[in-house]
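Please keep the viewer open as you read.

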Amino acid sequence: MRANYLFTSESVSEGHPDKVSDQISDAIVDLFLSKDPEARIACETLTTTQLVVLAGEIRCKGVYENGAWAPGAQEEIEATVRRTVKEIGYEQDGFHWETFRFENNLHGQSAHIAQGVDASENKDEGAGDQGIMFGYATDETPDLMPATLYYSHKILERIAADRHSGAAPFLEPDAKSQVTLRYEGSLPVAATAVVVSTQHAAGYDTGDKEAELHAYVRKVVADIIPPVLLRDTVYHINPTGSFEIGGPDGDAGLTGRKIIVDTYGGAAPHGGGAFSGKDPTKVDRSAAYITRYLAKNIVAAGLATRCTIQLAYAIGVSKPLSLYVDTHETGTVGDDLIEAAIMNIEKLGGLTPRGIRTHLGLNKPIYRKTAAYGHFGRKPEGDFFPWERTDLVEDLKAALA
């Protein structure tokens with residue numbers, strides 16, 4: 001990789017239409033896992049002007065069995081969806097949590113998929129789909145995330161917090177950010193450009209009110225990005241001029257359309273599979289989490305300053321088809337030795353879907369929080385974000401000794 005270059009990552013807020021869809025889908029995952037830890041869920045959400053539509057396949061004891069909904073189940077699903085939208089903050093004529101139309105088109109999981117995934121007497125639980133998954137870590141930030149994405153997320157988290165608290169009452173839920181950094185010697189040295197577009201109340205696109213919004217955004221950026229990086233930075237704040245119409249009313253939202261925002265901001269490869277709306281038997285989700293966990297622990301252990309990991313699976317097959325480690329010539333030991341060490345750590349269960357879920361404790365209702373501001377670089381607390389723990393450091397060192 002070049003030593004001197006510009007690199008950019010974007011983030012989108014919890015009120016972005018695609019993120020509204022992601023949060024609804026993961027709220028449904030949490031609802032079903034709270035009823036049945038072995039539930040199977042693939043929930044897609046469409047959001048548009050005054051409409052939310054669910055579609056997908058499920059299996060959940062006590063909720064949906066033998067092709068029928070349990071009494072009250074559909075009402076609880078709708079209540080969960082409306083509560084999610086209310087918590088995001090949508091009370092607009094074009095999208096209001098209380099009045100939008102709602103369709104539930106969830107139905108039973110395919111028996112052919114189930115027979116490949118479920119464990120049986122002579123077969124371990126198989127992967128929920130084929131595919132490749134990537135994990136990444138870098139020492140650019142305290143959270144071992146790419147700095148461009150780290151700052152993009154943090155800017156929008158602050159804006160959302162100020163909106164919810166009332167500190168910035170002119171803000172509405174939809175927003176996007178983008179940070180461009182100049183790297184020298186593979187380390188960020190300057191923020192050359194910052195883009196922030198935020199939905200706003202009427203009148204905040206001209207005159208003194210527009211100036212107030214711009215000053216507020218600049219203050220947030222100054223609080224988030226270190227001053228040493230903010231030299232000759234070019235700002236683009238609401239560059240279209242007006243941003244009153246936003247969220248699902250301004251643009252339809254779909255689950256799984258922000259996979260680069262969800263992961264590493266383009267700093268690492270992506271296998272193409274989205275996370276939200278999927279239970280953890282789907283390796284699109286669980287294997288992406290374990291690869292981040294492994295890469296982060298490798299960097300935290302001082303074995304490398306950057307690390308990319310790839311896993312591959314076949315649907316219905318328990319063991320991964322391949323494990324690939326790349327420390328980008330920053331490793332203190334050979335990448336092949338790290339690969340062997342990972343596979344020799346017994347607690348990881350051979351990186352089978354069951355082994356991953358058991359080690360990280362993924363069969364729990366922990367997913368709604370992941371669906372905005374990134375699945376990675378988050379603080380592990382209790383059952384939440386277990387893939388962000390660095391509790392494998394000593395195991396890695398011991399396996400390499």
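Is Ser25 buried or exposed? With a relative accessibility of 0%, Ser25 counts as buried, a word that here stands for under 20% relative accessible area, with exposed meaning over 50% and partly exposed the range in between (1.4 Å probe, protein chains only). Before going on, please note that this is a predicted model, in which local features need pLDDT of at least 70 and side-chain atom pairs count only at pLDDT 80 or more, while totals for chains, interfaces and linings use all residues. Residues are numbered from 1 along each chain as its sequence is written, and side-chain values use heavy atoms, with hydrogens and water left out.

Ser25 belongs to helix H1 (residues 17-35); helices (H or I, at least four residues) and strands (E, at least two) are DSSP runs, numbered from the N terminus. Setting aside neighbours within four places in sequence, Ser25 has contacts, meaning heavy atoms within 4.5 Å, with Cys43, Glu44, Thr45, Thr255, Ser276 and Gly277.

Now follow H1 to its partner, helix H2 (residues 73-88): the two axes come within 9 Å and cross at roughly 135 degrees. Such axes are lines fitted to C-alpha atoms, for helices over the stretch in contact, and the angles run from 0 to 180 degrees between N-to-C directions. This makes H1 oblique to H2, given that angles under 35 degrees count as roughly parallel, over 145 as roughly antiparallel, 65 to 115 as roughly perpendicular and the rest as oblique. H1 passes H2 in a right-handed crossing; the term applies if the near helix is turned clockwise from the far one by less than a right angle, and left-handed if anticlockwise. On the H1 side, the residues that meet H2 include Ile24, Ala27, Ile28, Leu31 and Phe32, and among their counterparts in H2 are Ile77, Val81 and Val85.

Phe32 leads us on to the core. Together with Leu54 and Ile342, Phe32 has the most contacts inside the largest nonpolar core, which has 72 residues. A nonpolar core is a set of buried Ala, Val, Leu, Ile, Met, Phe, Trp, Tyr and Cys residues joined through side-chain atoms within 4.5 Å. Which residues does Phe32 contact, leaving aside its neighbours within four places in sequence? They are Ala39, Ile41, Ile58, Cys60, Val63, Trp69, Ile77 and Leu106. Apart from this core lies another, of 29 residues, including Ala175, Val179, Val196 and Tyr204.

Leu392 is in the loop between H10 and H11 and is buried, at a relative accessible area of 0%. Not counting residues up to four places away in sequence, Leu392 touches Tyr293, Leu294, Asn297, Ile345, Lys347 and Leu348.

Because Asp223 and Lys219 are four residues apart in helix H5 (residues 207-224), about one helical turn separates them. Asp223 is partly exposed, at 39% relative accessibility.

How many salt bridges does a search of the whole structure find? The search finds 21. One of the pairs joins Glu388 and Lys296 at 2.9 Å, N to O. Glu388 lies in the loop between helix H10 (353-360) and helix H11 (393-400) and Lys296 in helix H8 (residues 283-300), so the pair ties together parts that are 92 residues apart in sequence. Glu388 is buried at 2% relative accessibility, and Lys296 is buried with a relative accessible area of 7%. Elsewhere, Asp18, Arg257 and Lys258 are linked in a salt-bridge network.

Methods: Salt bridge = Lys/Arg side-chain N within 4 Å of Asp/Glu carboxyl O.
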